[in-house]
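Dear colleague,

Please find below the structure that I am handing over to you.

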Amino acid sequence: MEANDQLSFEEAMEKLETIVMKLENGDVPLETAIELFQEGMRLSQLCGNKLELVERKIELLVETEQGVQRKPFAHPNEDRGE
């Protein structure tokens, strides 16, 4: 398990933003830029995974004629089968 796996979403995003700024600045050696890019890709994947976990935990409360019911959160890009 890598150290990045222990980062919170906010910490990972902060590190990712720092990496992006360094890469956009363009004054890092090629080897360093490659390492920063690879680290940024890992952080990006970590953030994406954390967001997916949160989405799975979110439930919508839907009011129906029978009262309030829980409904799993469906991402707008997912087919809801309706």
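Leu23, Phe37 and Met41 form a nonpolar surface patch of about 290 Å². A patch consists of residues with over 30% relative accessible area and no salt bridge, where nonpolar side chains (Val, Leu, Ile, Met, Phe, Trp, Tyr) are joined within 5 Å and like charges within 9 Å. A salt bridge is a side-chain nitrogen of Lys or Arg within 4 Å of a carboxyl oxygen of Asp or Glu, and accessible areas come from the Shrake-Rupley method with a 1.4 Å probe. Phe37 lies in helix H2 (residues 30–57) and is partly exposed, at a relative accessible area of 49%; buried means under 20%, exposed over 50%, and partly exposed in between.

This is a predicted model, in which local features need pLDDT of at least 70, side-chain atom pairs count only at pLDDT 80 or more, and totals for chains, interfaces and linings use all residues. Residues are numbered from 1 along each chain as its sequence is written, and side-chain values use heavy atoms, with hydrogens and water left out.

A patch of negative charge (Asp and Glu count as negative) is also found on the surface, made by Glu10, Glu11, Glu14 and Glu17. Glu17 belongs to helix H1 (residues 9–25) and is partly exposed, with a relative accessible area of 47%.

The chain has two helices and two strands, in the order α-α-β-β from the N terminus; these are DSSP runs of at least four residues (H or I) for helices and at least two (E) for strands. Of its 82 residues, 16% count as buried.

Yours sincerely

Notes: The place of a charge is taken as NZ of Lys, CZ of Arg, CG of Asp or CD of Glu. Buried means under 20% relative accessible area, exposed over 50%, partly exposed in between (1.4 Å probe, protein chains only).
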